[in-house]
Amino acid sequence: MKIATWNVNSVNARLETVLAWFRNAQPDVACLQEIKCVDERFPAEAFESLGYNVAVHGQKTYNGVALLSKTPLEDVRKGLPGDDGDDHARYIEAVVSGPRPVRVVSLYLPNGNPVGTEKFGYKLAWMGRLEAHAAELLALEEPIALCGDYNVIPEPADADNPESWAGDALFQPQTRAAFRRLKWLGFTDAYMEVDGTPGGYTFWDYQAGAWQRNHGIRIDHVLLSPQAADHLTNVVIHRNARAMDKPSDHVPVVAELALDEA
DNA sequence: ATGGTAGACCTTCTA
């Protein structure tokens with residue numbers, strides 16, 4: 001099973017680019033972030049025509065996440081528990097049905113810049129809520145994949161120029177510590193497990209020629225529960241998607257699970 | 001050097 005995660009930076013502005021990638025990569029499951037549209041504006045028919053079932057948690061202008069799956073999506077949850085006053089559409093969870101069901105999450109963790117503002121506080125609070133909910137999910141002892149744009153640079157090796165991110169919310173000690181706490185619950189960072197080579201970037205800013213200069217960072221992650229990590233066979237970062245026409249500033253990350261094998 | 005670009009959308013916010 002190929003599970004993809006991709007921050008598409010507006011699914012409607014990027015639809016032809018996204019569909020071209022789907023036709024080529026053929027993921028079984030896909031987690032999209034920053035769709036930047038309400039549910040009714042999500043181009044569900046375009047994905048359904050490619051054979052996907054669709055679940056959307058949308059929002060006008062900002063944020064918005066979606067799940068796509070070749071098999072039906074069950075037990076859909078929209079919104080991260082823990083704060084009824086949080087109206088950002090940044091979390092959707094569902095069970096991908098099949099002989100070996102997998103619980104899949106598409107998450108768009110807050111950016112948190114600038115540091116020292118309420119935005120950074122919101123980011124850290126959101127990470128705390130994610131940790132609490134992830135702990136509850138782990139107790140289910142199911143195959144689980146927490147996929148998305150975490151807006152976290154875990155280690156210096158995950159940035160081309162770590163010094164330039166020193167003051168950024170994505171690389172603060174508190175941010176990195178919160179991400180470690182999440183992993184230490186018992187999750188495996190899929191990329192680090194099968195590859196771990198420095199330079200596996202997933203984001204290059206549109207500005208200042210970041211792509212041309214390879215000023216990238218690894219901030220899109222797939223975290224797997226033990227019951228999923230046991231079946232992990234490969235992770236591919238689709239770097240060449242950054243060179244497509246009208247690219248997103250993020251590229252897809254695809255994790256492969258061989259769930260039929262012991 | 002505090003730059004640069006992209007998307008949604010209405011003038012500026014977010015990233």
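**Sheet pairing, burial and DNA contacts in a predicted model**

Strands β13 and β14 (residues 253–257) run antiparallel and are joined by five bridges; strands here (E, at least two residues) and helices (H or I, at least four) are DSSP runs, numbered from the N terminus, and two strands are taken to pair if DSSP finds at least two bridges between them. Within this pair, V236 has V254 of β14 as its bridge partner. The model is a predicted one, in which local features need pLDDT of at least 70 and side-chain atom pairs count only at pLDDT 80 or more, while totals for chains, interfaces and linings use all residues. Residues are numbered from 1 along each chain as its sequence is written, and chains are lettered from A and ligands numbered from 1 in the order in which they are written.

The two strands belong to an open sheet of six strands with mixed pairing, in the order β3-β4-β2-β1-β14-β13. The edges are formed by β3 (53–57) and β13 (232–237), each of which has a single partner strand, so one side of each is left without a neighbour in the sheet. From one strand to the next the twist averages 15°, with axes fitted as lines to C-alpha atoms (for helices over the stretch in contact) and angles running from 0 to 180 degrees between N-to-C directions.

Chain A as a whole contains six helices and 14 strands. Its radius of gyration is 17 Å, close to the 18 Å that the globule rule gives for 262 residues, so chain A is as compact as a globular protein of that length; the radius is taken over C-alpha atoms, and the rule is 2.2 Å times the number of residues to the power 0.38. The C-alpha trace of chain A spans about 45 × 40 × 40 Å along its principal axes. Of the contacts in chain A with a separation of 6 or more, 70% are between residues 24 or more positions apart, a contact being a pair of residues whose C-beta atoms, placed from the backbone, lie within 7 Å.

Buried residues make up 43% of the 262 residues of chain A. A residue is classed as buried if 20 or more other C-beta atoms lie within 10 Å of its own, as exposed if 12 or fewer do, and as partly exposed in between, with C-beta atoms placed from the backbone. In strand β12 (residues 220–224), five of the five residues are buried, so the strand is largely enclosed by the rest of the structure. In a regular strand the side chains alternate between the two faces of the sheet. Both faces of β12 are covered, with D220, V222 and L224 buried on one side and H221 and L223 buried on the other. Strand β8 (residues 144–149) runs antiparallel to β12 and is joined to it by five bridges, with H221 of β12 as the bridge partner of G148. Strand β9 (residues 188–189) is also antiparallel to β12, through two bridges, and T188 stands opposite L224.

V96, in strand β6 (residues 91–96), is buried, with 25 other C-beta atoms within 10 Å. Residues up to four places away in sequence aside, V96 touches V29, S69, T71, L73, P101, V102 and V104. The C-alpha atoms of V96 and V76, 20 residues apart along the chain, are separated by 9.6 Å. By contrast, D260, in the segment after β14, is exposed, with 9 other C-beta atoms within 10 Å. D260 and P154 are 106 residues apart in sequence, and their C-alpha atoms are 31 Å apart in space.

Several backbone features fall in loops. The peptide bond between N113 and P114 is cis, with omega about -5°, and P114 lies in the loop between β7 (102–108) and α3 (118–138). N9, which is not a glycine, has a positive phi of about 50°; N9 is placed in the loop between β1 (2–7) and α1 (15–25) and counts as partly exposed, with 18 C-beta neighbours inside 10 Å. N151, likewise a residue other than glycine, has a positive phi near 50°. N151 is located in the loop between β8 and α4 (173–184) and counts as buried, with 26 C-beta neighbours inside 10 Å.

Around DNA strand B there are 15 residues, of which S10, A13, N111, Y206 and A208 come nearest; a residue is near a molecule or strand if its C-beta atom, placed from the backbone, lies within 6 Å of it. The residues of this surface comprise five nonpolar, six polar and four charged, where Ala, Val, Leu, Ile, Met, Phe, Trp, Tyr, Cys and Pro count as nonpolar, Asp, Glu, Lys and Arg as charged, and the others, Gly among them, as polar.

Methods. Contact = placed C-beta atoms within 7 Å.
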